[in-house]
Amino acid sequence: MELDECIKSRRSVRAYKDEPVPREKIESILEAGVWAATGMGKQPWRFIIIEDKSIIKFVSDETKKTVIKAMPAFAKRFETEQDIICYNAPVLIFICSEVDPNFSKLYLEDCVLAAQNMFLKAHELGLGACYMGWIDVLNRINPESIKKAGVPEGYEMKVPLILGYPKSQQGLGKRSAPVILKWIK
Ligand SMILES: Cc1cc2nc3c(=O)[nH]c(=O)nc-3n(C[C@H](O)[C@H](O)[C@H](O)COP(=O)(O)O)c2cc1C
């Protein structure tokens with residue numbers, strides 16, 4: 001797929017076929033991730049790939065419970081049996097790093113850049129993916145559940161994302177034209 005087409009036709013996918021993703025595809029998505037730019041060349045990303053449905057459900061349930069407790073304004077939306085967190089995706093990936101001793105924050109940027117490469121590669125391979133920002137609430141309010149889901153001591157989950165075969169063709173997205181505040185010559 002041509003680069004411009006890949007960038008512009010990628011969409012966040014929130015409905016997945018109940019079909020496993022072949023290991024080789026997951027591996028080539030991870031490979032795309034590690035070619036991202038990285039602060040000071042550190043390459044801090046470490047990946048946890050979760051295909052165990054019970055753990056994916058655990059993460060979704062804990063996220064819902066935590067949001068309801070910590071952000072009552074969202075309670076109505078999150079009090080549902082439906083998996084509105086991981087959307088029943090067959091694969092959940094945590095992009096992690098070692099706990100950043102200097103709190104430099106660069107590890108987060110690195111992992112986010114890796115995620116964008118991974119989204120594009122997934123799309124090129126006919127897969128769908130979505131950034132799972134809600135799950136980040138567990139880092140701040142319910143870190144025990146992150147450990148229970150498989151993140152080892154000494155590591156932090158930076159980016160949660162889901163992956164799988166899309167149930168349907170994604171529509172075109174919308175973007176505003178770039179707003180140039182200044183072009184200084
Ligand atoms: C930092 C970040 C967090 C996000 N968190 C969620 C999320 O928790 N749940 C969700 O369904 N989509 C999430 N998204 C996906 C956005 O909603 C989506 O990228 C946006 O609506 C634009 O649509 P597109 O990705 O199809 O172009 C997140 C995206 C980003 C970049």
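Tutor: Start with pairing: two strands pair if DSSP finds at least two bridges between them. In this predicted model, four strands form an open sheet in the order β1-β2-β4-β3, with antiparallel pairing.

Student: Why are β1 and β3 said to stand at the edges?

Tutor: β1 (46-50) and β3 (128-131) each have a single partner strand, so one side of each is left without a neighbour in the sheet. From one strand to the next, the twist averages 25 degrees.

Student: How do you know that β3 pairs with β4?

Tutor: Count the bridges. Pairing needs at least two, and four join β3 to β4 (residues 155-164). These two strands run antiparallel. One of the bridges links Gly 128 to Gly 164 in β4.

Student: Which residues of α2 and α5 meet?

Tutor: Ser 28, Ile 29, Ala 32 and Gly 33 in α2 meet Ala 114, Asn 117, Met 118, Lys 121 and Ala 122 in α5. By class, this contact has five nonpolar, three polar and one charged residues.

Student: What makes up the shell around the ligand, by class?

Tutor: Four nonpolar, three polar and two charged residues. Among the residues around the ligand are Arg 11, Arg 14, Ser 12 and Trp 134. Gly 133 and Gly 173 are also there, and Gly counts as polar.

Terms used
Residues numbered from 1 in each chain as written. Predicted model: local features only at pLDDT ≥ 70, side-chain atom pairs only at ≥ 80, totals over all residues. Near = placed C-beta within 6 Å. Contact = placed C-beta atoms within 7 Å. Axes fitted to C-alpha atoms, helices over the stretch in contact; angles between N-to-C directions.
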